[in-house]
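Visitor: Could you walk me through this model, one question at a time?
Guide: Gladly; here it is.

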Amino acid sequence: SSPALQVHPACGKPSVRLTEEERKAVESSEIECYNSLAACLLQAELVNYERVKEYCLKVLKKEGNNFKALYRSGVAYYHLGDYDKALHYLKEARSREPTDTNVIRYIQLAEMKLSRCSQKEKEAL
């Protein structure tokens, strides 16, 4: 039996030990896949923003400074109505790509929503 192939103690099935280089390649592929899935979902007629958020957060867990995932997370949170979280991710994205017009536009939209919310709260008092 090959030294890289071991039997998993819990299920009795073979498990493969990856080298550090192979593990990084798998992780890189995972990041690419989740980023692509999120991009595809954003192109749909009826966007599932929960799903977009889920895929982007998976990318960010592995690569916290991934611009596309930061931006798409911000967009997802914006459309889910969580403007504070949207701003958090969008500002992180802007710190990596300061001139990206889409990021800037969503930051402005989120800030407008937040100022409207606080305006309504003041009026309610």
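Guide: One term to begin with: a salt bridge is a side-chain nitrogen of Lys or Arg within 4 Å of a carboxyl oxygen of Asp or Glu. This is a predicted model, in which local features need pLDDT of at least 70 and side-chain atom pairs count only at pLDDT 80 or more, while totals for chains, interfaces and linings use all residues. Residues are numbered from 1 along each chain as its sequence is written, and side-chain values use heavy atoms, with hydrogens and water left out.

Visitor: In what order do the elements of the chain run from the N terminus on?
Guide: Helices (H or I, at least four residues) and strands (E, at least two) are DSSP runs, numbered from the N terminus. The chain has 5 helices and 2 strands. From the N terminus on, their order is β-β-α-α-α-α-α.

Visitor: How far apart are the N and O atoms in the salt bridge of lysine 62 and glutamate 30?
Guide: Lysine 62 belongs to helix 2 and glutamate 30 to helix 1. Their side chains meet in a salt bridge, with an N to O distance of 3.2 Å. This pair links distant parts of the chain, and the residues are 32 apart.

Visitor: Which helices hold lysine 91 and glutamate 111?
Guide: The side chains of these two, lysine 91 and glutamate 111, meet in a salt bridge at 3.8 Å, N to O. The pair ties together parts that are 20 residues apart in sequence, because lysine 91 lies in helix 4 (residues 83-96) and glutamate 111 in helix 5 (residues 101-124).

Visitor: Why are arginine 23 and glutamate 20 separated by about one helical turn?
Guide: Arginine 23 forms a salt bridge with glutamate 20, the closest N and O atoms being 2.6 Å apart. Glu20 and Arg23 are also linked with Glu27 in a network of salt bridges. The separation is about one helical turn because arginine 23 and glutamate 20 are 3 residues apart in helix 1.

Visitor: At what angle do helix 1 and helix 3 pack?
Guide: Axes are lines fitted to C-alpha atoms, for helices over the stretch in contact, and angles run from 0 to 180 degrees between N-to-C directions. Asn35, Ala38, Ala39 and Leu42 in helix 1 meet Lys68, Ala69, Arg72 and Val75 in helix 3, where contact means heavy atoms within 4.5 Å. With their axes 10 Å apart, helix 1 and helix 3 (residues 67-79) pack at an angle of about 35°.

Visitor: Is lysine 53 buried or exposed?
Guide: Buried means under 20% relative accessible area, exposed over 50%, partly exposed in between (1.4 Å probe, protein chains only). Lysine 53 sits in helix 2 (residues 49-62) and touches Ala76, Tyr77 and Leu80, not counting residues up to four places away in sequence. Its relative accessible area is 17%, so lysine 53 is buried.

Visitor: Which residues make the nonpolar surface patch?
Guide: Patches are made of residues with over 30% relative accessible area and no salt bridge: like charges are joined within 9 Å, nonpolar side chains (Val, Leu, Ile, Met, Phe, Trp, Tyr) within 5 Å. Areas come from the Shrake-Rupley method with a 1.4 Å probe, and for residues only the protein chains shown count as cover. Leucine 18, in the loop between strand 2 (14-16) and helix 1 (20-43), is partly exposed at 44% relative accessibility. The patch, of about 260 Å², is made by Val16, Leu18 and Val26.
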